[in-house]
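Here are my notes on the model, as numbered points. Please read them with the structure open.

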Amino acid sequence: MSNPEEIAKAFANHYYNIFDTDRKNLASLYQDHSMLTFENDKIQGKNNIVNKLLQIKHAITTIDAQPTAGGGILVFVCGNLAIDNSNQPLKFSQVFSLMPIQGQQGGFFVLNDLFRLNYC
């Protein structure tokens, strides 16, 4: 298995590429028990999560990672965000808890996804 930093970088690049090109395909990265916290909203289930993310565009500035129990990886992403084609990007932070997919060597799904705009 690759190291957590390599997996985190590959995951983040894959995630945000899908996010910016064909967001509906993000559902394949989540499962029905996955959860997203977007600001103060808590959303559960892959279809509900994807529906929440339909009007946002990201530009990544940093990606950090740490291994977690059970073979998981914690991924912390910071960057800029444009909502509704705004020329005023907002700063954001996003944390993903990736867990291995049972029976799929090297495959991960997003168990938890925490998103927060950075206002300060």
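1. The largest nonpolar core has 31 residues, and those with the most contacts inside it are Y15, L26, L29, Y30, L53, F96 and L98. A nonpolar core here is a set of buried Ala, Val, Leu, Ile, Met, Phe, Trp, Tyr and Cys residues joined through side-chain atoms within 4.5 Å. Buried means under 20% relative accessible area, exposed over 50%, and partly exposed in between (1.4 Å probe, protein chains only). The elements giving two or more residues to this core are α1 (4-21), β1 (30-38), α2 (46-52), β3 (56-67), β4 (73-83), β5 (90-100) and β6 (108-117). Of these, α1 gives the most, with 8 residues. Helices (H or I, at least four residues) and strands (E, at least two) are DSSP runs, numbered from the N terminus.

2. This is a predicted model, in which local features need pLDDT of at least 70 and side-chain atom pairs count only at pLDDT 80 or more, while totals for chains, interfaces and linings use all residues. Residues are numbered from 1 along each chain as its sequence is written, and side-chain values use heavy atoms, with hydrogens and water left out.

3. What does Y15 contact, leaving aside its neighbours within four places in sequence? The list is L26, L29, Y30, L53, Q94, F96 and D113, where contact means heavy atoms within 4.5 Å.

4. The count of aromatic pairs comes to 9. Rings of Phe, Tyr and Trp (its six-membered ring) pair if their centres lie within 6.5 Å; planes under 30 degrees apart count as stacked, over 60 as edge-to-face and the rest as tilted. Y15 and F96 are edge-to-face, because their ring centres are 4.8 Å apart and their planes stand at 65 degrees. This pair links distant parts of the chain, Y15 in helix α1 and F96 in strand β5, 81 residues apart. Both residues, Y15 and F96, are buried.

5. F38 and F115 form a stacked pair, with 4.3 Å from centre to centre and 5 degrees between the planes. F38 lies in strand β1 and F115 in strand β6, 77 residues apart, and both F38 and F115 are buried. Ring pairs join F11, Y15, Y16, F19, F38, F92, F96 and F115 into a cluster.

6. β1 and β2 pair in the antiparallel sense over 4 bridges; strands pair if DSSP finds at least two bridges between them. M35 stands opposite Q44 in β2. The two strands β1 and β2 form a hairpin with 2 residues between them.

7. Most residues other than glycine have a negative phi. E39, in the hairpin turn, has a positive phi of about 55 degrees. E39 is buried, with a relative accessible area of 17%.
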